[in-house]
Amino acid sequence: MTITRRDFLNGAALTIAAGLAPSQLLQAAERSAGYPPALTGLRGNHAGTYTLAHSLAREGAKYPAVMAREVFDLVVVGGGISGLAAAWFYQRRFGAGKRILILDNHDDFGGHAKRNEFTVRGQKLVTYGGSAEMPPTALDSHAVATLLAGLGVDPKRHQAAERDPYRELGMGRSVFFDAEHFGRDQLLAGDPFASLIDARNTGAQPASAAAFKAFLDKTPLPQQDRDALARLADGSTDYLAGMGEGERLAYLKRTSYAAFLRDKAGVGLDGQRFFRSRSNDAYALDADGVSLFDALAIGLPGGKNMPPPSLNPRLGKSPTSKLWFADGNATLARLLVQNMIPGVTKTGSPDDIGAAGFDYSRLDTDDSKVRVRLNSTAIAIEPDQRITRVTYGWSGNLHRVEAAHVVLAGYNMMIPFIMPGLPAPQKEALRSDVKAPVVYTKVALDNWRAFEALKTSRIHAPAMAYTDLWLEKPAGARPADPVVLHMLYVPTVPDSGMQARERFRAGRAFLLGTPFGELEKGIRSQLDRMLAPGGFAGKDVIRGITVNRWAHGYSYMPNSLFEEEAAAQAVLDRSRASAGNVVIANSDSAGSPSLTAAIDQAWKAVGELAG
Ligand SMILES: Cc1cc2nc3c(=O)[nH]c(=O)nc-3n(C[C@H](O)[C@H](O)[C@H](O)COP(=O)(O)OP(=O)(O)OC[C@H]3O[C@@H](n4cnc5c(N)ncnc54)[C@H](O)[C@@H]3O)c2cc1C
């Protein structure tokens with residue numbers, strides 16, 4: 001299958017790919033070395049990440065048994081936050097002298113909690129490549145509190161609101177209407193609907209009716225849509241008047257936000273397009289894929305007598321999550337590794353570790369009790385009485401280790417392929433976790449003069465590939481200083497009526513089948529189109545592009561449009577059953593793409609291990 005092969009080999013050797021033998025697949029999975037956070041181009045699930053995993057899942061490849069050459073107390077499959085936390089909790093429970101091996105198929109640790117770096121005109125720019133913000137649920141979790149305290153992170157230090165240096169320069173939000181969907185390219189200053197969503201979440205004062213009218217009058221939307229959107233913003237219409245309480249709740253849960261806008265709020269096609277991607281960041285689904293209930297929960301407007309915004313505890317990235325560190329949750333990943341392998345950095349202080357150097361050559365050394373082995377894909381887990389054999393591909397070869405305990409902290413959907421002996425209902429449950437694709441592209445800019453000229457620091461482009469863009473904290477206060485631009489792309493299939501899992505599979509196939517060059521072309525073209533009126537020309541300003549391609553992104557969350565919550569929870573419960581000394585952690589097993597879930601599940605998994 002072309003898409004799989006292209007991902008194997010980064011599009012470079014398609015013609016020789018068909019019919020590769022397992023030994024050749026092992027070679028193809030190798031990665032070149034370097035300092036991973038500073039690598040640019042296609043990152044996240046970088047090329048080669050899934051060579052072996054897909055060979056099992058898609059090609060049915062069979063690998064020979066090899067001799068076990070190392071013995072560990074614990075092997076953790078998956079070096080994301082959950083796997084690292086599991087190793088840390090294991091040390092706490094069983095003792096610091098225990099030998100631990102952490103395997104991860106990427107060339108960097110942290111899973112989604114990855115860090116990106118650029119250097120522009122001698123200035124280092126640090127940012128997050130995936131899992132970034134601390135969800136509010138983290139503060140209620142005993143496991144998270146234990147971990148943060150152990151790592152010396154004080155939550156109270158991160159509670160204060162940050163000042164916005166752009167706002168101080170009169171730069172605000174704007175909306176970009178594209179010619180393909182709205183008839184003309186237009187960057188329009190202001191985004192009162194985003195302010196309304198913020199206000200609904202924070203209790204702040206929303207924009208006035210006059211501000212909505214002034215904004216809507218300048219949009220390319222037809223008058224009927226302007227009127228319907230103004231009414232929606234006004235909030236005084238009960239669109240579900242006449243429905244009883246039960247009927248109302250059923251409607252909220254079973255109707256997509258897009259259908260509500262169309263059928264009840266009288267919003268036409270253009271208006272629906274204008275409103276379709278406000279849920280992308282939180283759910284990795286557009287208005288056609290989220291229920292009205294879930295849309296209201298993150299603050300989208302729904303008129304009178306609707307439930308107010310409320311925290312969906314499964315969400316990691318929500319309107320009330322907060323960025324604690326410049327590199328997001330990658331700082332926690334670093335702290336965890338530093339705590340277990342002290343030689344990797346010179347400091348274990350949460351305040352300094354982000355800026356300190358990091359020695360990747362110390363991750364996997366003979367003299368360390370804890371070893372993190374990168375570019376290593378576990379392909380077989382074989383429990384056998386008191387030991388479990390773990391086979392993995394690394395450095396062009398197959399290797400096997402024995403362990404007293406194993407924590408699976410990778411992806412649920414991979415587990416049936418590496419543990420085919422699990423009961424069929426559990427395997428079916430595990431396979432139903434289809435992760436949502438999400439792309440975080442980071443563009444290092446020489447300066448942000450064009451943004452200053454356009455008086456904008458955040459752009460919402462509802463119908464373009466990248467729907468949300470914002471300038472990160474500037475390296476310097478002057479528009480002439482370098483900065484990183486964050487760009488969010490969720491490969492959705494708008495207005496398709498497809499189930500969430502099908503959407504995610506379609507988005508993933510697209511991402512894995514699209515080479516970096518094509519993605520880069522789209523990024524440059526979108527930026528030039530949006531920012532040209534401010535004098536922007538990508539060729540003169542862009543100094544680096546990192547596309548954090550998360551083909552397997554957010555963990556699958558139960559979705560009331562497509563399934564009953566109780567049935568979905570029963571599937572999750574079935575999926576995480578342990579097998580002897582093999583237990584399951586990771587955010588997938590909670591049905592919650594969040595840091596809290598990743599750490600809670602690690603805590604739970606380690607607690608389930610027999611002493
Ligand atoms: C773009 C993006 C942004 C996000 N933002 C936030 C946020 O702001 N706040 C928040 O709370 N959450 C956020 N999340 C959710 C995020 O998934 C969690 O916060 C958390 O990082 C999940 O940790 P994990 O260890 O469970 O999974 P992962 O981070 O996915 O780690 C699992 C690791 O196991 C590896 N693995 C899988 N199978 C194997 C195998 N067979 N062999 C070896 N290795 C294997 C995987 O490749 C991966 O590296 C975000 C997710 C994405 C994709």
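A residue is near a molecule if its C-beta atom, placed from the backbone, lies within 6 Å of it. With that in mind, and remembering that this is a predicted model, begin by selecting the ligand and the 42 residues around it, among which Gly78, Gly80, Gly111, Gly316 and Gly410 come nearest. Colouring this shell by class shows 19 nonpolar, 20 polar and three charged residues. Several elements each supply at least two residues of the shell, namely α5 (81-94), β11 (377-384), β14 (436-445), β18 (542-554) and α24 (595-608).

Next, select the largest nonpolar core, which has 175 residues, and pick out Val75, Val76, Ala85, Ala86, Ala87, Val407 and Ala602 as those with the most contacts inside it. Centre the view on Ala602, which, leaving aside its neighbours within four places in sequence, is in contact with Ser82, Ala85, Ala86, Phe89, Ala409 and Ala585.

Now show α5 together with helix α16 (residues 330-340), whose axes come within 10 Å and cross at roughly 35°, the crossing being left-handed. Here Ile81, Leu84, Ala85, Ala87, Trp88 and Gln91 in α5 meet Leu332, Ala333, Leu336, Val337, Asn339 and Met340 in α16. By class, this contact has 10 nonpolar, two polar and no charged residues.

Finish at two loops. Most residues other than glycine have a negative phi. Arg121, in the loop between β4 (115-120) and β5 (123-128), has instead a positive phi near 45°, and this residue is exposed, with 11 other C-beta atoms within 10 Å. Gln385, in the loop between β11 and β12 (387-394), likewise has a positive phi, near 55°, and counts as exposed because it has 7 C-beta neighbours inside 10 Å.

Terms used:
Residues numbered from 1 in each chain as written. Predicted model: local features only at pLDDT ≥ 70, side-chain atom pairs only at ≥ 80, totals over all residues. Helix = DSSP H or I, 4+ residues; strand = E, 2+ residues; numbered from the N terminus. Nonpolar A, V, L, I, M, F, W, Y, C, P; charged D, E, K, R; others polar. Core = buried A, V, L, I, M, F, W, Y, C linked by C-beta atoms within 7 Å. Buried ≥ 20, exposed ≤ 12 C-beta atoms within 10 Å, placed from the backbone. Contact = placed C-beta atoms within 7 Å. Axes fitted to C-alpha atoms, helices over the stretch in contact; angles between N-to-C directions. Left-handed = near helix turned anticlockwise from the far one by under 90°.
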